[in-house]
Amino acid sequence: MRSRSEDDHRALLRLARNAVIQAVSHGHLLERIPDAGVFAERCGVFVTLHVESRLRGCIGVIEPKESLGDSIVRCAASAALQDPRFRPMRSEDLAGLQIEISLLSPPAPLLVEEMEIGRHGLLVARGSHRGLLLPQVALEHRLTREQFYEETCRKAQLPRALWREPGTQLLGFTCEVFSDREPRAQP
């Protein structure tokens with residue numbers, strides 16, 4: 001997965017912030033979305049929102065069906081208003097808003113012993129159930145490899161140990177992660 005420049009990161013973060021402000025303040029998506037350069041790329045993306053350093057929403061797409069610019073706008077607005085785990089953001093939340101963007105490599109089959117905590121994200125699929133956890137989740141919650149698989153199954157609304165069973169698809173991916181938060185010490 002290629003790394004984008006700091007200028008690309010800043011431009012993508014600015015777009016996500018504008019999308020959240022537009023959605024929260026005016027109730028609709030941005031009308032003008034850049035479509036050149038990094039914005040025209042296609043890759044999976046997750047937009048994670050924090051307010052005063054507390055998680056407030058995280059929405060993404062695994063397989064891109066539109067440009068990165070369009071995906072970021074839709075994911076940022078959805079994370080602000082439609083993440084079912086949280087109440088919709090309000091205008092007063094915007095002052096403390098912090099944004100993190102994760103650009104995903106294409107998911108690929110991953111052997112359990114190949115998975116590296118903090119490097120790989122995980123997608124578990126079985127039938128119509130799918131669950132995904134970003135690589136930073138394992139670090140933030142200090143999960144072991146087994147716990148990471150179990151939590152991804154739980155996210156997919158599957159029994160925690162189902163990752164061990166034949167017929168369960170285990171896919172790994174890496175992420176390019178950047179944010180507008182102050183850098184923090186690595187665990």
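Reader: Which side chain makes a polar contact with the side chain of Arg119?

Author: This is a predicted model, in which local features need pLDDT of at least 70 and side-chain atom pairs count only at pLDDT 80 or more, while totals for chains, interfaces and linings use all residues. Residues are numbered from 1 along each chain as its sequence is written, and side-chain values use heavy atoms, with hydrogens and water left out. A polar contact is a pair of N or O atoms within 3.5 Å, one able to donate a hydrogen and the other to accept it within protein; residues adjacent in sequence count only if both atoms are side-chain atoms. At 2.9 Å, the partner of Arg119 is the side chain of His120.

Reader: Is Arg119 buried, exposed or partly exposed?

Author: Buried means under 20% relative accessible area and exposed over 50%, with partly exposed in between (1.4 Å probe, protein chains only). Because its relative accessibility is 44%, Arg119 counts as partly exposed.

Reader: Which residues are in contact with Arg119, leaving aside its neighbours within four places in sequence?

Author: Arg119 lies in the loop between β4 and β5, strands being DSSP runs of E with at least two residues, numbered from the N terminus. With contact taken as heavy atoms within 4.5 Å, the residues are Pro135, Phe173 and Thr174.

Reader: What is the order of the strands in the open sheet?

Author: Two strands pair if DSSP finds at least two bridges between them. β4 and β7 (residues 169–173) pair in the antiparallel sense over two bridges, and Pro109 has Leu171 in β7 as its bridge partner. The open sheet has four strands with antiparallel pairing, in the order β4-β7-β5-β6.
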